[in-house]
Amino acid sequence: MKKILAFTLPILIILIMIFIYREYDKRSRAFPSPDAALTNLTEDKYKVREIISTEYFDNTAYIFYYVDYAEPDYLEVSKFIKKEYGWENDGVFAIGNVSKSNIGDSMGTDGTLMRFSNNNTEDYNVSENNVSIVPVGREMYIHLFHGLSPGEQSIIQSLPIDTE
């Protein structure tokens, strides 16, 4: 009986320590708001200069902001997911310089798509609950699509943009 206890007790202690570490790790990566999570973002290479907009979809938030980079109007977007203990970073998208030459360019992954446009009235034929239009200056907009199927994402990427 003592041998079984001597073998089982260390394993039980190790399992409890693993559980405690994992819970601590989850809590240490979560923040009370997407803005707080953005200020604690360690994987972002450039300093946030100005936050443009925060867009919410259910338990997902996207923060659009300018960063200090070689180009003055360089735009990034950080995606945050609300989890059990708070908001966690789910990715950073380097959108690029806000200029007319980027109209029609799109970027994104896994059901998220962002597209430069020079108007705020594009009709993409998707649910309005999944689209947000963010003004980024100089009569330019980012059309943010959230929760797209792969088919919808490829259709939107192939649509032409009216550049007039």
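This is a predicted model: local features need pLDDT of at least 70, side-chain atom pairs count only at pLDDT 80 or more; totals for chains, interfaces and linings use all residues.

Visitor: What joins β2 to β3?

Guide: A hairpin joins them too, through 6 residues, and the antiparallel strands β2 and β3 are linked by 7 bridges. As one example, I63 has S78 in β3 as its bridge partner.

Visitor: How many of the 10 residues of β3 are buried?

Guide: A residue is called buried under 20% relative accessible area, exposed over 50% and partly exposed in between, using a 1.4 Å probe and protein chains only. By that reading β3 is mostly covered, with 7 of its 10 residues buried.

**An enclosed strand**

Visitor: Which strands pair with β6, and in what sense?

Guide: Strand β5 (residues 106-107) pairs with β6 in the antiparallel sense over 2 bridges, and β8 also pairs with β6 in the antiparallel sense, over 5 bridges. In β8, Y141 is the bridge partner of S117. Between β5 and β6 there is a hairpin with 5 residues between the strands, and G108 in its turn has a positive phi of about 150°.

Visitor: Where is S106 found, and what does it touch?

Guide: S106 is found in strand β5, where its relative accessible area of 25% makes it partly exposed. Its bridge partner in β6 is R115. Contact means heavy atoms within 4.5 Å; not counting residues up to four places away in sequence, S106 touches L113, M114, R115 and Q157. The C-alpha atoms of S106 and F116 are separated by 6.5 Å, although these residues are 10 residues apart along the chain.

**Cores and rings**

Visitor: How many residues does the largest nonpolar core have?

Guide: A nonpolar core is a set of buried Ala, Val, Leu, Ile, Met, Phe, Trp, Tyr and Cys residues joined through side-chain atoms within 4.5 Å. The largest one has 18 residues, and those with the most contacts inside it are F64, I95, M114, V136 and I142. At least two residues of this core come from each of β2 (60-67), β3 (74-83), β4, β6 (113-117), β7 (131-137) and β8 (140-145). Another core, of 12 residues, lies apart from it, with L41, V67, Y74 and F80 among its members.

Visitor: How many aromatic pairs are there?

Guide: Rings of Phe, Tyr and Trp (its six-membered ring) pair if their centres lie within 6.5 Å, and planes under 30 degrees apart count as stacked, over 60 as edge-to-face and the rest as tilted. By this rule there are 2 aromatic pairs. One of them is formed by Y56 and W87, which are edge-to-face at 6.1 Å centre to centre with 70° between the planes. Since Y56 lies in strand β1 (residues 48-57) and W87 in strand β4 (residues 86-97), this pair ties together parts that are 31 residues apart in sequence. The rings of F57 and Y62 have centres 5.9 Å apart and planes at 80°, so that pair is edge-to-face, and both F57 and Y62 are buried.

**The helix**

Visitor: What span should helix α1 have?

Guide: The expected span is 1.5 Å times one less than the number of residues in the helix. For the 27 residues of α1 (residues 2-28) that gives 39 Å, and the end C-alpha atoms are 39 Å apart, which agrees. Helix α1 is hardly covered, for the count of buried residues among its 27 residues is 1.

How values were computed: Residues are numbered from 1 along each chain as its sequence is written. Side-chain values use heavy atoms; hydrogens and water are left out. Helices (H or I, at least four residues) and strands (E, at least two) are DSSP runs, numbered from the N terminus. Two strands pair if DSSP finds at least two bridges between them.
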